[in-house]
Amino acid sequence: MLAVIILKTFNLLCEAEDKSYIKRTGSAHGWDVLFYIFSFLKGVMLFTLIVLIGTGWSFLKPFLQDKEKKVLMIVIPLQVIANIAQVVIDETGPFGHDWVTWKQVFLLVDVVCCCAVLFPIVWSIKNLREAARTDGKAAVNLMKLTLFRQYYIVVICYIYFTRVVVYALETITSYRYLWTSVVAAELATLAFYVFTGYKFKPEAHNPYFVIDDEEEEAAAEQLKLEDEFEL
């Protein structure tokens, strides 16, 4: 999470310098190259982070299953393609040759990446529900199940807002007020980072080890209400 934040910071700084130099001199003076590099690294790290958290790596288990590794093997190359498409889109403009094709490639790859990162979260929720019926730790599994269900909803909201709502803002606002869509996207990103960092931060005193019998019984009863945790 810290690595994602650092890369995001450098990405924004390079973008600011890029636009500043273009405004003053008409040329980016190499800042655009740095921007694309940090944008690529940040994108790869963010999707890797979501996949690792979704699989429960280091939180539920200290390893990745084969199907979870395959998701990473799909997402990372797709992010490479998405960033290549983004460079072509930014550097050529809407009147450039094959600009529309690259735009469609970028949108398609982005949607596939967003859908792929949801699968590990769904698998973790399914595994927790199955474990809750067999291992006798209802309270622990209920806490984890609730956390992963919240994360699933937050990831969907983040993807929808940054891909659909922000695009709608860019479409309906005039050029003078295009900054509003950028502010909206960055605030949504900040909220997502804060939620992820806070919910999955390391705990010095694990609350799962201080559960009494009443809490265990109450959790067991709540886990019987399957409909509450339907995706």
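**Labels and their grounds**

Q: Why is Ile5 called partly exposed?
A: Ile5 has a relative accessible area of 36%. Buried means under 20% and exposed means over 50%. The value for Ile5 lies in between, so Ile5 is partly exposed. The model is a predicted one.

Q: Where is Ile5 found, and what separates its C-alpha atom from that of Leu46?
A: Ile5 is found in helix 1, which covers residues 2-25. The C-alpha atoms of Ile5 and Leu46 are separated by 9.2 Å. Along the chain these two residues are 41 apart.

Q: What makes helix 1 and helix 2 roughly antiparallel?
A: They pack at an angle of about 155°. Angles over 145 degrees count as roughly antiparallel. Helix 1 and helix 2 therefore get that label. Their axes are 8 Å apart, and the crossing is left-handed.

Q: Which residues make the contact of helix 1 with helix 2?
A: Helix 1 supplies residues including Val4, Leu7, Phe10, Cys14 and Tyr21. Helix 2 supplies residues including Trp31, Phe35, Phe38, Leu46 and Leu49. By class, the contact of helix 1 with helix 2 has 14 nonpolar, two polar and six charged residues.

Q: Why are helix 3 and helix 4 called roughly antiparallel?
A: The angle between helix 3 and helix 4 is about 150°. The cut-off is over 145 degrees, so the label roughly antiparallel applies to helix 3 and helix 4. Their axes lie 8 Å apart. The crossing of helix 3 and helix 4 is left-handed. Contact residues include Val71, Leu78, Ile81 and Val88 of helix 3, with Trp99, Trp102, Phe106 and Val109 of helix 4. The classes in the contact of helix 3 with helix 4 are 17 nonpolar, three polar and one charged.

Q: What makes a set of residues a nonpolar core?
A: Its members are buried nonpolar residues such as Val, Phe and Tyr, joined through side-chain atoms within 4.5 Å. The largest nonpolar core here has 39 residues. Tyr151, Val155 and Phe192 touch the most other members. Helices 2, 3, 4, 5, 6 and 7 each supply at least two residues of this core. Helix 6 gives the largest share, eight residues. Another core, of five residues, lies apart from it and includes Leu7, Cys14, Phe35 and Tyr36.

Q: Which residues does Val155 touch, leaving out those up to four places away in sequence?
A: Val155 touches Ile50, Leu118, Ile121 and Phe192.

Q: How many helices and strands are there in the protein chain?
A: There are eight helices and zero strands. Of the 231 residues of the protein chain, 37% count as buried.

How values were computed:
Residues are numbered from 1 along each chain as its sequence is written. This is a predicted model: local features need pLDDT of at least 70, side-chain atom pairs count only at pLDDT 80 or more; totals for chains, interfaces and linings use all residues. Side-chain values use heavy atoms; hydrogens and water are left out. Buried means under 20% relative accessible area, exposed over 50%, partly exposed in between (1.4 Å probe, protein chains only). Helices (H or I, at least four residues) and strands (E, at least two) are DSSP runs, numbered from the N terminus. Contact means heavy atoms within 4.5 Å. Axes are lines fitted to C-alpha atoms, for helices over the stretch in contact, and angles run from 0 to 180 degrees between N-to-C directions. Angles under 35 degrees count as roughly parallel, over 145 as roughly antiparallel, 65 to 115 as roughly perpendicular and the rest as oblique. A crossing is left-handed if the near helix is turned anticlockwise from the far one by less than a right angle, and right-handed if clockwise. Ala, Val, Leu, Ile, Met, Phe, Trp, Tyr, Cys and Pro count as nonpolar, Asp, Glu, Lys and Arg as charged, and the others, Gly among them, as polar.
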